[in-house]
Amino acid sequence: EPGEFTLRIEILDMFGSTSKTELYEQPIKIEAAQQTVTISQPQIVAAFRQSEDLCPMCKSGYELLPYIKSYISGDMKSLAFYGEVYGTQTFFGESKPFVIRAMIMDKNGQELSKYSQQWRGTSAQVVPILRTLDIKDLDDGEYQLRVEVRDRENKVIQYTEKKINRAGFRENTSQSDELNASLPAYFLSFQ
């Protein structure tokens, strides 16, 4: 909500010899939001399935199993991700078409066209994105996963990026089998 507010921060050193609280206050002004499009940062997912349930891992009709490793292992053949686009209904008008692009870029910011997709979106309050990119031939290295929203003239309206690292090693199959044997049935149901 736009308006004028006071930001107040109280700091107490829980392990210090004094119990004195430091106080910081600063006035802040929140401007009315402009009519713009925003995109959430893509969330890498290990697996997903359709679901009508309401749960912490459910978004826009899908149950998502988050990918928890800090790297994309060399044996992964596809990269699944989820994100959401906001504000298209206000920006483009109700039920109007626009373009969404997802791509992998190298560390220099160059698009790797082999690892890109483009599709048509229809404006709404929230537009979910759940896509999978084929990465079986992606070399080791540092990359960016970039998601863009474009208008009818193919002009970039908004984008977001997420750093991803492709590791050169392959998972040890026997270790993966041991891990799968110890996982709760919930996680195994995604396979």
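Guide: Let us begin with Phe-48, which lies in strand E4 (residues 43-50); strands (E, at least two residues) and helices (H or I, at least four) are DSSP runs, numbered from the N terminus. The model is predicted, so local features need pLDDT of at least 70 and side-chain atom pairs count only at pLDDT 80 or more, while totals for chains, interfaces and linings use all residues. Residues are numbered from 1 along each chain as its sequence is written, and side-chain values use heavy atoms, with hydrogens and water left out.

Visitor: Why does Phe-48 count as partly exposed?

Guide: Buried means under 20% relative accessible area, exposed means over 50%, and partly exposed lies in between (1.4 Å probe, protein chains only). Phe-48 has 33% relative accessibility and therefore counts as partly exposed. Its C-alpha atom is 6.0 Å from that of Leu-65, 17 residues apart in sequence.

Visitor: Why is Gln-158 called partly exposed?

Guide: Gln-158, in strand E12, has a relative accessible area of 24%, and is therefore partly exposed. Gln-158 touches Thr-36, Val-37, Thr-38, Ile-39, Val-147, Glu-148 and Val-149, not counting residues up to four places away in sequence; contact means heavy atoms within 4.5 Å. The C-alpha atoms of Gln-158 and Ile-39 are 7.3 Å apart, although 119 residues separate the two along the chain.

Visitor: What makes strand E8 and strand E11 a pair?

Guide: Two strands pair if DSSP finds at least two bridges between them. Strand E8 (residues 97-106) and strand E11 (residues 141-150) are joined by 8 bridges and run antiparallel. One example is Met-105, whose bridge partner in E11 is Gln-144.

Visitor: In what order do the strands of the open sheet lie, and which are called edge strands?

Guide: The order of the 4 strands is E9-E8-E11-E12, with antiparallel pairing. Strand E9 (111-122) and strand E12 (156-166) are the edge strands, as each pairs on one side only.

Visitor: Which residues make the nonpolar surface patch?

Guide: Phe-5, Leu-7, Ile-9, Ile-11, Tyr-24, Ile-28 and Ile-30 make this patch of about 580 Å². Strand E1 (3-12) and strand E2 (21-30) each supply at least two of the patch residues, and E1 gives the most, with 4.

Visitor: How is Tyr-24 classed by accessibility?

Guide: Tyr-24, found in strand E2, has 41% relative accessibility and therefore counts as partly exposed.

Technical notes
Patch = residues over 30% accessible without salt bridge, like charges linked within 9 Å, V, L, I, M, F, W, Y side chains within 5 Å. Areas by Shrake-Rupley, 256 points an atom, 1.4 Å probe, with all protein chains shown as cover. Salt bridge = Lys/Arg side-chain N within 4 Å of Asp/Glu carboxyl O.
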